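Biologist: I have the sequence and the structure open. Can you walk me through the fold?

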Amino acid sequence: MKKHLGNSLEQIAESIRLSVNLLEKELGQVSEIETLNKPQPSLLQQCDQLIEADQNKKETIRTIHHFACTGGTLFTKCLASMPNTLILSEVEPQSTIPPKSLFTPTDLIQLLRKSTRHPSKALISNVFLSGLGVIQDSCKRRGLHLILRDHSHSKYCYGDIDQKAPTLLKTVAAQHRTLSVITVRHPLDSYLSLATKNWLHFHPVTVEEYAKRYLKFLNDNKGIKVFKYEDLIENSGDTIRGICDELKLPYFSGFEDVFGVHIVSGDSGRTSNLIGKRERREIPEKVKSEFATGPLPTFHELCRILGYRDVLWLD
């Protein structure tokens with residue numbers, strides 16, 4: 001009797017289990033049907049979601065871009081005065097400008113360039129990004145904001161422009177989220193300053209050629225907000241605050257009192273610790289004759305894009 005009763009209870013329990021499994025299966029099918037009936041995101045939307053998810057995993061690196069002799073050192077020192085900020089100055093992994101010293105035991109990229117096998121641009125980028133990742137990880141642990149100051153002169157004003165070499169921003173963006181700004185100065189002022197320092201490393205050595213290279217630089221970094229050196233001189237507080245907002249950096253209003261203590265690579269221009277106007281350089285006859293002998297369409301277009309008057313000596 002007990003044996004028969006035990007078998008009956010087991011049968012009842014098995015029936016209950018089968019019923020529960022069947023019910024779960026039916027409910028699951030209903031859920032799948034409801035899900036399928038809901039409108040699904042388009043393929044493009046799904047791709048955007050995947051890209052956004054990938055970007056959210058990346059760390060943010062700030063970059064600042066400018067030509068030589070445009071006030072870049074002053075901008076950099078001001079940003080270096082912001083709280084918890086670390087700046088690497090004059091960065092360009094693909095630069096072909098020879099180092100001042102042949103002895104570069106700590107520079108892996110230069111060692112590769114001097115090795116028995118010439119490195120590819122891809123290898124140079126990978127070496128650079130590997131080191132940059134280590135630095136960024138250290139900054140993250142220490143609560144620091146990393147800023148890279150581009151050395152645009154290497155790519156755009158030294159010899160021929162290497163069309164195949166990636167820009168610094170494109171290289172960094174391959175592995176990191178980026179926040180960037182461009183700083184500019186009136187192109188004739190910066191050209192005259194380059195000439196004074198003997199830094200006209202391109203041919204022909206003309207204002208028009210310089211303007212072509214400047215436009216190439218702007219086009220390669222299209223979409224990045226531009227800040228003017230002249231605005232920095234007129235109203236340094238609002239200008240630096242605007243850059244900090246763009247780069248999502250904390251702002252320190254007392255930067256004008258301390259920016260001069262920072263020593264950065266490329267500090268070859270301004271020596272004063274005061275932010276103020278400088279006398280405009282005298283325009284050589286050679287430059288005046290270039291304007292007088294014919295139109296300079298690229299220079300005029302550059303001034304228009306940047307919002308500058310193109311004939312300074314009429315001021």
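Modeller: Five strands form an open sheet in the order β2-β3-β1-β4-β5, with parallel pairing. Strands (E, at least two residues) and helices (H or I, at least four) are DSSP runs, numbered from the N terminus. Two strands pair if DSSP finds at least two bridges between them.

Biologist: Which strands stand at the edges?

Modeller: β2 (85-91) and β5 do; each has a single partner strand, so one side of each is left without a neighbour in the sheet. The twist averages 25 degrees from one strand to the next. Angles run from 0 to 180 degrees between N-to-C directions, and axes are lines fitted to C-alpha atoms, for helices over the stretch in contact.

Biologist: Before we go on, what sort of model is this?

Modeller: This is a predicted model, where local features need pLDDT of at least 70, side-chain atom pairs count only at pLDDT 80 or more, and totals for chains, interfaces and linings use all residues. Residues are numbered from 1 along each chain as its sequence is written, and side-chain values use heavy atoms, leaving out hydrogens and water.

Biologist: Back to the sheet. How many bridges join β1 to β4?

Modeller: Six bridges join β1 (residues 60-65) to β4 (residues 177-184). Ile 61 stands opposite Thr 178 in β4. β4 also pairs with β5 (residues 225-228), over four bridges, and there Thr 183 has Phe 227 as its bridge partner.

Biologist: And β2 with β3?

Modeller: β2 and β3 (residues 145-150) pair over five bridges. The bridge partner of Val 91 in β3 is Asp 150.

Biologist: Which strands does helix α5 lie across?

Modeller: Helix α5 (residues 121-142) lies across β1, β2 and β3, and runs at about 145 degrees to β3.

Biologist: Is Cys 78 buried or exposed?

Modeller: Buried, at 0% relative accessibility. Buried means under 20% relative accessible area, exposed over 50%, and partly exposed in between (1.4 Å probe, protein chains only). Cys 139 is buried too, at 1%.

Biologist: At what angle do α3 and α11 cross?

Modeller: The axes of α3 (residues 72-80) and α11 (residues 236-247) cross at roughly 70 degrees and come within 11 Å. The contact (heavy atoms within 4.5 Å) includes Phe 75 and Cys 78 of α3, and Ile 240 and Cys 244 of α11.
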